[in-house]
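Look at the chain and its fold below.

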Amino acid sequence: MSSYVLGVDVGTTSIKAVLLERGSRTVVASQTLPTTSDLSDHSEIKAKEQDTGRIIDCLNRCITQLPGDKLKHVCSIGLSGQMHGLLFWKVKSGCDWSSGDHFTARDSSQLITWQDGRCSSSFLASLPRPDSHLNVATGFGCATIFWYMKHRPKFLEDFTVAGTIQDFVVSMLCGLDKCVMTPQNAASWGFFNTSTSQWNMDILKGAGFPVHLLPQCVPSGGLAGHTCADWHGIPTGTPVGAALGDLQCSVYSCMSVQTDAVLNISTSAQLSFAMPADFSPPDSPQAASSISYFPYFDSSYLAVAASLNGGNVVATFVEMLTAWMKDLGVEPSDQCLYEKLICCALKQDSSDLRVSPTILGERHAPLCLGQVANISASSLSLGHIFRALCCGLLVNITSMMPAEHLQQAGISRIVGSGSALARNQVLRQEVEKAFTQPVVYGQNADSAVGVAMVLCDRL
């Protein structure tokens, strides 16, 4: 009788669930659904929040669309998801299982995502210096909690614990009386020392931080608990792994040798490769560096150029065109427009137009916003503009991790992954132009598959 690992990635725009057959390590079923959970920001604080209830509803629908006969034979469950962000909940009543074979969100906050912009540069400068090699930026969990301490302290009194969205799902599935978090997600919150796998407790307590909200740290690739109830046919008592970072799981799914670098372009974009086993990160943050070192597995690290600008920039461009066309009395669908843009750009091999697509800034350069240059009468077609936009995304990420850095690391191949790359042939063409190394595209290379593979290997 075959057994299966369920891998789930709770992404910024969609949820993907896969069933990995344990013996053959092959994906036998897969479902992806959009969460449509973004909330409108009517404030002036640049908030970026999502509806937790809609995310959990989407998760349940995604699981129900997997084959029921296989869900009965799931032997373990793995969760990955968007890093940096957080939500708050009450331990005893964060969800409701009264509907039967699934849970719904109850006493929990909205999800404040990694794209949140409420922590200004001046506010971040006012925070204590972390004992960590990683900088703290807006959208990071601990920075957001500091913001609530200053601006809405009463809000924090309603909750007993905090975590990422994937940590929340793990806690609800297992009925935990606390939140457990791996170093992969903890490091993305800030004020976490990856060398000791400890929060900066003394620093945080000294600043009056509500440390009781912080999750308990457990090893990446380890067990969080067991399901406390039947979940869409998956039996009670099924092992559940502690939630992992989406970047690390994406890399795990497709990095076959140490000389691979993985380029993932989904909502955002990351270019990463594995550091040698004996690598130790710097003792303190390198404020101006575009390369960070993220914890991976077994005390190892990934070198990562993590750009805030990826598929979200393309989506914003499509939304802008759609809005313009509505103003002109035409109402095309975003999907239709996206396909036409790709067709136009495929007819245009290159463009003299120069698009710097950093409309969200970058963590190492938050004030460096988007620009368009070298505009001429002959470069104003949609084909020129979309080609230049896709090219600009690659110019940006490769400027963050230059070719000589990859060469010094002995990188001999680029493995492409991510939803934006999978659906955009123009973007793939620009990837192949941007690197001297050969480019391959990972089959089933994504975070949901990666987290299932981790559990298959480690639990």
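Phe191 counts as buried because its relative accessibility is 0%. Buried means under 20% relative accessible area, exposed means over 50%, and partly exposed lies in between, with a 1.4 Å probe and protein chains only. This is a predicted model, in which local features need pLDDT of at least 70 and side-chain atom pairs count only at pLDDT 80 or more, while totals for chains, interfaces and linings use all residues. Residues are numbered from 1 along each chain as its sequence is written, and side-chain values use heavy atoms, with hydrogens and water left out.

Phe191 also has a positive phi, although it is not a glycine. Lys46 is another non-glycine residue with a positive phi.

Helices (H or I, at least four residues) and strands (E, at least two) are DSSP runs, numbered from the N terminus.

Now take helix α6, residues 165-174. Here 10 of the 10 residues are buried, so α6 is largely enclosed by the rest of the structure. Among them are Phe168, Met172 and Leu173, and also Asp167. Gly175 follows α6 and has a positive phi, near 65°.

Helix α11 has 13 residues, 334-346. At 1.5 Å a residue they should span 18 Å, and the end C-alpha atoms are 18 Å apart, which agrees. The expected span is 1.5 Å times one less than the number of residues. The buried residues of α11 are Leu337, Tyr338, Leu341, Ile342 and Ala345. They cover an arc of only 140° around the axis, so they sit on the same side of α11. The arc is taken from the directions from the helix axis to the C-beta atoms. These buried residues pack against α10 (311-327), α12 (382-400), α14 (419-423) and α15 (425-434), with contact meaning heavy atoms within 4.5 Å.

α10 turns up again at a pocket. It gives the most to the lining of the second largest pocket, with six residues. α10, β22 (354-356), β23 (371-373) and α12 each supply at least two lining residues.
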